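The sequence and the structure come before the discussion.

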Protein chains: 2
Amino acid sequence: MVAANGTSTKAAWLDGLQDDLHLLEGKMLEASSMGHETLDGAVQMIIKAGGKRLRPAITFLVGRLFRANFSPILSVGASVELLHTATLVHDDLIDGAAERRGVPTLHSKMSMGVTVLTGDFLFAKAAALAAEANSVPVVKLFADTLVKICQGEILQARTRWVLPDYDVYIERIYGKTAALFEAAAVSAALIGDATDAQVAAMARYGRNLGLAFQIVDDALDFVSTSENLGKPAGNDMRQGILNLPAMYYVEQGYISDADLLERLESKDETEKLVREMRASGMVEQSLEVAQSYARKAADALNILPGGEVLKALDAVTSYAVARTI
Amino acid sequence: MVAANGTSTKAAWLDGLQDDLHLLEGKMLEASSMGHETLDGAVQMIIKAGGKRLRPAITFLVGRLFRANFSPILSVGASVELLHTATLVHDDLIDGAAERRGVPTLHSKMSMGVTVLTGDFLFAKAAALAAEANSVPVVKLFADTLVKICQGEILQARTRWVLPDYDVYIERIYGKTAALFEAAAVSAALIGDATDAQVAAMARYGRNLGLAFQIVDDALDFVSTSENLGKPAGNDMRQGILNLPAMYYVEQGYISDADLLERLESKDETEKLVREMRASGMVEQSLEVAQSYARKAADALNILPGGEVLKALDAVTSYAVARTI
């Protein structure tokens, strides 16, 4: 997760959500307690460090748009964010990451076994929170979303050190990220009084917003620095996860697929490659693609009546693509 | 899982379930496919090796007892067994086990990352199958059961090399095993036309049967041999998981808590200890406790009208405690 800069931290769309997000954190902390001091403390640190809460913010806003009861919306928002947290616990274990958002990862403090089981526990609690909404369609959506997330992660694990084509890249980031953004929007529409056409519009909004968000993340990975992200620029590529900038770099003839992979075997060559790619404009080209998905997300909102909530949903989209280092 | 001997493999209660269990395996294989040949092959081997299918057998029988539609019963049976499979995938990774039921474990063929993610995927598919029953109470039961399983596993991981008291031991094996037996019975009763009192009776049946089953497993661990189980006698104790026979051995003054743990630090002393414990009658005492839980399971069935299905449910109980090496 890329931190926002000082200005966008105070994004206006967040202002009206502070109370809801405060209740959300309480609900997440309550749900994730296992009655074991050390383990609970470690999990609470991770939850409290929790970034912008973009996903549940979408759930809260869409819930308002469709006049949903707050109680099931809070359960579903907490479910969405806890599911996200569970995937981070397992991801960080798999990647061997020591920190996330400046907080030690769980596996850096606990055994592999306890980390796997705690991730499983958070998945289970997320499922239990989703079930609290008392809606079969919402529960089905969550189960299907968890399936998509796992498929996206498995696809990523299987295609390390392979340059994906555009369809595979989109399939991977849809599973890894956009499916949960989609569920965050659709679940709230289902709980509220949305028509089928409006539910479909919310799916388009969430999906395209999620794709835009992940493409920005992947592009900014090349311009990040150790100081502000705790990881070196080009971190994904160093781990064999090849994203849009690398795909464009090859596609536009700067380097062959084979040469790219060969240079990644050498640490010095990787440093040079990251610098060359930053200078080539591929990051900017990728951000333009993110903008096009953001426009699709904004278009999806067009079938809905205007108003403050809709403006906020539009602002979330702008925020997601305007993040910079 | 302890394999049954030749005679009980042909248990009569299984005869009427062969068609259902065949459909179950098909449903599980279909649900677990990820569209990746190597990974699917490894998961299919695990599913096909799948033991006695006791848990879904309970679901099928209780479903018949309460005249439930077969389609949701099949979904829930497959969900129960896939959830069980998912926990085995993560458990075997955590324990570093190379084989289960004569089949290589997933992590012995795949990376840690792919193994964690495949377990997650199977959890997700189990949730999706449970949701197919279109019942909010069934979905809530599943989410809560998954929470209990994780809590049981975390409790076990936290209390390695600690002699538990009886309550902690029962709490651990309830979470690890009996909660899913309970869910297997209750979900079918909820799908069928059971009254509240009958649902409660099914919970008692499943819970006590599951406790009896796990106590037998834990006791037989001391009399198993490498040849028939692929692991040495006293395997749990060697890994610091102390069960009823060890608890009784200390309680009845054969050894102090501290001496027991000290002797487990030496391989030779552990071999001797396992032999001494086998000769002490603690295994037999544990099996008597299992019998008392089996009687509670049988008692729970008493409020129900008799008939063939009830006889089969009773036979499942007898089978679960009569397993021998």
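The model discussed here is predicted. Chain A contains 17 helices and two strands. Its radius of gyration is 19 Å, close to the 20 Å that the globule rule gives for 325 residues, so chain A is as compact as a globular protein of that length. Along the principal axes, the C-alpha trace of chain A spans about 55 × 50 × 35 Å.

**Helix packing**

Two packed helices are described by the angle between their axes and the distance between the axes.

| Helix pair | Angle between axes | Axis distance |
|---|---|---|
| H10(B) and H17(B) | about 20 degrees | 8 Å |
| H5(B) and H17(B) | roughly 160 degrees | within 9 Å |
| H10(A) and H16(A) | about 165 degrees | 8 Å |

Helix H17 of chain B, residues 308-322, packs with helix H10 of chain B, residues 196-220, at an angle of about 20 degrees, and H10(B) and H17(B) are therefore roughly parallel to each other. Their crossing is left-handed. On the side of H10(B), the residues that meet H17(B) are Tyr205(B), Leu209(B), Ala212(B), Phe213(B) and Val216(B), and their partners in H17(B) are Leu313(B), Thr317(B), Ala320(B) and Val321(B). By class, the residues of this contact are eight nonpolar, one polar and no charged.

H17(B) also packs with helix H5 of chain B, residues 54-65, where the axes cross at roughly 160 degrees, and H5(B) and H17(B) are therefore roughly antiparallel to each other. This crossing is left-handed. From H5(B) the contact draws on Leu54(B), Ala57(B), Ile58(B), Leu61(B), Arg64(B) and Leu65(B), while H17(B) contributes Val309(B), Leu310(B), Ala312(B), Leu313(B), Val316(B) and Ala320(B). The residues of the contact of H5(B) with H17(B) comprise 11 nonpolar, no polar and one charged.

In chain A, helix H10, residues 196-220, and helix H16, residues 282-300, pack with their axes 8 Å apart at about 165 degrees, and H10(A) and H16(A) are therefore roughly antiparallel to each other. H10(A) passes H16(A) in a left-handed crossing. Among the residues of this contact are Arg204(A), Tyr205(A), Asn208(A) and Asp218(A) of H10(A), together with Ser286(A), Tyr293(A) and Lys296(A) of H16(A). The residues of the contact of H10(A) with H16(A) divide into 16 nonpolar, two polar and three charged.

**The contact between the chains**

How many residues does the contact take from chain B and from chain A? It takes 33 residues from chain B and 33 residues from chain A. On the side of chain B that touches chain A, helix H6 (70-95), helix H7 (112-131) and helix H8 (136-158) each supply at least two residues, and H7(B) gives the most, with 14 residues. That side of chain B has 21 nonpolar, six polar and six charged residues.

Two copies of a chain are related by a rotation about an axis and a shift along it. Here a rotation of 180 degrees, with 0.0 Å of shift along its axis, superposes chain B on chain A with an RMSD of 0.0 Å, and the two copies are thus related as by a two-fold rotation axis. In chain B, the C-alpha nearest the axis belongs to Val136(B), at 2.9 Å from it. As 100% of the interface residues of chain B are also interface residues in chain A, the copies meet through the same surface.

Conventions. Residues numbered from 1 in each chain as written. Chains lettered and ligands numbered in written order. Predicted model: local features only at pLDDT ≥ 70, side-chain atom pairs only at ≥ 80, totals over all residues. Axes fitted to C-alpha atoms, helices over the stretch in contact; angles between N-to-C directions. Helix = DSSP H or I, 4+ residues; strand = E, 2+ residues; numbered from the N terminus. Parallel < 35°, antiparallel > 145°, perpendicular 65-115°, else oblique. Left-handed = near helix turned anticlockwise from the far one by under 90°. Contact = placed C-beta atoms within 7 Å. Nonpolar A, V, L, I, M, F, W, Y, C, P; charged D, E, K, R; others polar. Least-squares fit on C-alpha atoms with pLDDT ≥ 70 in both. Rg over C-alpha atoms; globule rule 2.2 N^0.38 Å.
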